[in-house]
Amino acid sequence: MPVRMLTLLVVATAIPGCASDPAERGHRLYMAHGCAVCHGAEGHGDGPTAPRLPLPPRDLSDARLYARGASAADVARSIRRGTASRAMPAFNDLTDAEADDIAAWIVSQQRQ
Amino acid sequence: MRRTIACAAIALAAGCGQSPAPPASKASAQLRPAFGGDFTLTNQDNQRFRLQDIRGRAALLFFGYTSCPDMCPATMSRIAGALERLGDSRGDVVTLFVTVDPTRDSPAVLKQYVGAFRTPLIGLTGTEEEVSRVAAAYHASAEPVPTGTANYLINHTTAIFLIDREGKLRKYFRYDEDPDTLAAALKAVLRTE
């Protein structure tokens with residue numbers, strides 16, 4: 001690999017937001033946008049606000065608990081549109097790409 | 001909080017538990033000079049905080065409460081998105097989260113809350129009187145909504161207030177303002193001073 005290309009690659013991976021892995025970008029967005037307040041830093045539903053919510057958030061690592069499907073597409077849809085129960089508000093400020101990245105990280109945390 | 005935080009002459013937008021009541025226009029509004037102003041509250045480290053303490057930096061101020069299930073997390077996400085769009089200038093902006101629920105939102109509770117955000121955030125609380133005074137200055141209101149459990153909700157003003165480097169309130173935005181619009185307004189404030 002030419003030195004110049006290698007340098008660009010190193011710089012790109014060192015800049016926050018430039019991670020090449022969708023799940024890595026997703027976790028950064030998950031933390032920056034405050035998802036951890038309810039869902040916890042690792043998505044276990046144990047964020048600081050969780051005990052005081054009318055409907056406690058689920059453990060995102062348990063794929064059996066997803067009422068509307070546990071695929072990345074399903075999760076991204078719930079992020080953007082919220083859930084019918086209104087337990088989860090719609091985060092429609094996120095772009096489709098951002099929601100997809102967050103969903104990629106969440107799915108990477110799932111155990112079957 | 002068992003009584004209503006000071007009500008305002010105008011309701012900007014209220015949320016949490018009920019549908020928000022948006023202002024007539026989605027466009028941000030210019031504000032009169034008497035709107036807003038300096039205040040003193042207590043931050044998440046149990047230190048007294050004056051708005052003047054951040055003079056030289058712009059601020060986005062938001063009234064909310066840490067157990068809010070919908071409007072507050074959604075608004076904080078938009079603010080995070082706006083700050084991401086600022087690039088290196090994001091350090092020139094402070095985000096202030098003023099609780100309208102001082103009974104439950106102690107400095108310790110606020111510390112846990114702000115710690116869950118990677119976006120820098122200052123959580124502010126105080127006595128009911130102190131919080132009421134700040135809310136009145138920003139024409140914000142809050143009203144408890146009983147749920148039959150200890151986890152009551154609060155309908156509250158959800159506007160996002162933009163404060164310039166001199167501590168003057170410049171504009172307010174709806175809670176669902178596009179992050180691009182918020183970022184553009186922040187850039188304009190940072191550029192003109």
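Visitor: What makes helix α1 of chain B, residues 71–84, close to its expected span?
Guide: Helix α1(B) has 14 residues and reaches 20 Å from first C-alpha to last. The expected span is 1.5 Å times one less than the number of residues. Helices are DSSP runs of H or I with at least four residues, strands are runs of E with at least two, and both are numbered from the N terminus.

Visitor: What kind of model is this, and how is it numbered?
Guide: The model is predicted: local features need pLDDT of at least 70, side-chain atom pairs count only at pLDDT 80 or more, and totals for chains, interfaces and linings use all residues. Residues are numbered from 1 along each chain as its sequence is written, while chains are lettered from A and ligands numbered from 1 in the order in which they are written.

Visitor: Why is α1(B) called largely enclosed?
Guide: Because 13 of its 14 residues are buried, α1(B) is largely enclosed by the rest of the structure. Buried means 20 or more other C-beta atoms within 10 Å of the residue's own; 12 or fewer is exposed, in between is partly exposed, and C-beta atoms are placed from the backbone. In chain B, buried residues make up 50% of the 193.

Visitor: What makes strand β6 of chain B, residues 93–99, mostly covered?
Guide: Six of the seven residues of β6(B) are buried.

Visitor: How do you know that β5(B) pairs with β6(B)?
Guide: Pairing needs at least two DSSP bridges between the strands. Seven bridges join β5(B), residues 58–64, to β6(B), so they pair. The two strands run parallel. B:Leu61 stands opposite B:Leu96 in β6(B).

Visitor: Why are α2(A) and α5(A) called roughly perpendicular?
Guide: Their axes come within 7 Å and cross at roughly 100°. Axes are lines fitted to C-alpha atoms, for helices over the stretch in contact, with angles from 0 to 180 degrees between N-to-C directions. Roughly perpendicular covers 65 to 115 degrees; under 35 is roughly parallel, over 145 roughly antiparallel, the rest oblique. So α2(A) is roughly perpendicular to α5(A).

Visitor: Which residues of α2(A) meet α5(A)?
Guide: Among them are A:Arg25, A:His27 and A:Tyr30. Contact means C-beta atoms, placed from the backbone, within 7 Å.

Visitor: How many residues does each chain give to the contact between chains A and B?
Guide: Chain A gives 17 residues and chain B gives 21. On the side of chain A, α3(A) gives the most, with three residues.

Conventions. Contact = placed C-beta atoms within 7 Å.
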